[in-house]
Amino acid sequence: MIKCKAAVTDGKGNFSIEKIEVDEPAFDEVLVKVEAAGVCHTDYDSLSWGKPFILGHEGAGTIVALGRSARGLAEGDSVILNWAIPCGRCFQCRSGNQNICENNSPVTGKNNRGHAHYCGTTLNGKNVDRSFNLGTLSEYTLVKKSAIVYNHSKKMSFAAASIIGCGVMTGYGSVKNAARVKKRSNVVVIGAGGVGLNVIQAAKLCNPEKVIVVDVNEKRFAMAKKLGATHTILADKKDKGLVKAAQKVKELTDCRGADYAFECTAVPALGAAPLAMVRNGGTAVQVSGIEQEISIDMNLFEWDKKYINPLYGQCRPQTDFPAIIDHYDNGKLLLEELVTKTYCLSQLDNAFADLLEGRNAKGVIKF
């Protein structure tokens with residue numbers, strides 16, 4: 001058993017740094033020393049999910065121990081953690097939809113609201129769950145072998161690797177897997193935060209005509225342009241449904257609208273905004289995971305428009321993670337540049353504050 005520090009929420013909006021105990025790995029488990037963990041909006045939201053658990057679902061680290069059936073890995077391997085752990089047996093896994101596994105998914109399956117049903121971690125002698133089956137805001141974590149993706153890149157930092165397992169994958173997969181953006185297309189990205197920036201650079205990989213970024217924070221445009229934005233629109237917070245911004249998009253796209261529009265703000269009032277920005281027959285993608293009830297003017301669907309709501313970029317870890325790493329190695333995906341500030345675990349409060357104020361492209365806790 002290993003004793004270590006971890007960020008633990010009480011489920012009522014608060015968290016504290018606690019000493020936890022992590023067991024040795026069982027037959028199909030892997031003990032990982034977490035080297036870096038990304039800080040995501042979902043981590044902040046999870047503070048109020050009504051149950052104590054170890055925070056964090058983006059992470060990368062080093063294997064320190066293996067269960068006897070965890071073949072194909074070795075102690076000392078550098079790995080990335082994937083929270084959407086496929087069982088490989090259910091209807092959705094067999095259909096190729098591993099991101100919405102019916103058995104293991106902490107979002108869509110039997111184990112709901114991001115709480116892990118795997119144990120092996122205790123706090124003050126009592127079992128404590130790990131967020132999204134991982135709990136990466138901890139010095140060590142115990143995970144299933146199926147949550148491990150081996151990182152073959154020799155030059156990628158742990159900080160850059162840590163953000164692949166949610167923010168990068170969600171943005172990249174929404175473009176490549178879900179929308180399947182075609183060459184010479186016009187693409188709109190609403191919101192240039194951590195996920196939106198990855199939509200931008202994934203769109204760039206598709207050789208688009210234009211990548212138009214819409215945001216209320218002008219300071220985000222410099223990074224957006226660095227990653228592939230060709231045009232920017234500074235939106236007004238008072239522009240309900242971004243109607244005026246949508247008109248500017250049409251002016252940039254032969255008055256038709258874009259071929260694809262991606263909503264990456266997590267603002268419920270903007271859930272329908274991408275529909276207003278795509279042409280007839282275009283595709284609107286709700287990337288940010290809005291779950292609240294909203295009202296939509298059905299006129300926005302005219303004509304033949306498609307609206308999709310993919311989870312985690314329809315991630316298939318065995319193919320998507322290696323592709324992302326290859327793009328990084330070839331200089332086509334910028335990941336080191338996305339990590340604009342790092343913190344130690346005791347500074348998690350500061351990391352959350354910077355996240356909410358939009359001061360970072362991506363903040364990372366380094367252990």
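How are H4 and H9 oriented to each other?

## Helix packing

The angle between H4 and H9 makes them roughly perpendicular to each other, a class that covers 65 to 115 degrees, whereas angles under 35 degrees count as roughly parallel, those over 145 as roughly antiparallel and the rest as oblique. The axes of helix H4 (residues 164-179) and helix H9 (residues 317-329) cross at roughly 95 degrees and come within 11 Å, where axes are lines fitted to C-alpha atoms, for helices over the stretch in contact, and angles run from 0 to 180 degrees between N-to-C directions. On the H4 side the contact involves Ile164, Gly165, Val168, Met169, Tyr172 and Asn177, and on the H9 side Asp320, Phe321, Ala323, Ile324, Ile325 and His327, contact being heavy atoms within 4.5 Å. Helices (H or I, at least four residues) and strands (E, at least two) are DSSP runs, numbered from the N terminus.

## Basis of the values

This is a predicted model, in which local features need pLDDT of at least 70 and side-chain atom pairs count only at pLDDT 80 or more, while totals for chains, interfaces and linings use all residues. Residues are numbered from 1 along each chain as its sequence is written, and side-chain values use heavy atoms, with hydrogens and water left out.

## Salt bridges

Side chains of opposite charge can pair when their charged atoms come close. With a salt bridge defined as a side-chain nitrogen of Lys or Arg within 4 Å of a carboxyl oxygen of Asp or Glu, the count comes to 10 salt bridges. One of them joins aspartate 215 and arginine 220 at 3.2 Å, N to O; aspartate 215 is buried at a relative accessible area of 5%, and arginine 220 is partly exposed at 24%. Here buried means under 20% relative accessible area, exposed over 50%, and partly exposed in between (1.4 Å probe, protein chains only).

A salt bridge between aspartate 354 and arginine 359 has an N to O distance of 2.6 Å, and it pairs a buried aspartate 354, at 8%, with an exposed arginine 359, at 51%. Through salt bridges that share partners, Lys341, Asp354 and Arg359 belong to one network. In the salt bridge of aspartate 254 with arginine 256 the closest N and O atoms are 4.0 Å apart, and both of these residues are exposed.

## Backbone geometry in loops

Most residues other than glycine have a negative phi, and most peptide bonds are trans. Asparagine 133, in the loop between strand E9 (129-130) and strand E10 (140-144), has a positive phi near 70 degrees and is buried, with 0% relative accessibility. Asparagine 207 also has a positive phi, of about 55 degrees; this residue lies in the loop between helix H5 (194-205) and strand E13 (210-215) and is partly exposed at 43%.

The peptide bond from glutamate 302 to tryptophan 303 is cis, with omega near -5 degrees, and tryptophan 303 is in the loop between E16 and E17.

## A nonpolar surface patch

Isoleucine 294 lies in the loop between strand E16 (278-286) and strand E17 (306-308) and is partly exposed, with a relative accessible area of 33%. Together with Ile296 and Met298, Ile294 forms a nonpolar patch on the surface with about 250 Å² of accessible area. Patches are made of residues with over 30% relative accessible area and no salt bridge, like charges being joined within 9 Å and nonpolar side chains (Val, Leu, Ile, Met, Phe, Trp, Tyr) within 5 Å; accessible areas come from the Shrake-Rupley method with a 1.4 Å probe, and for residues only the protein chains shown count as cover.
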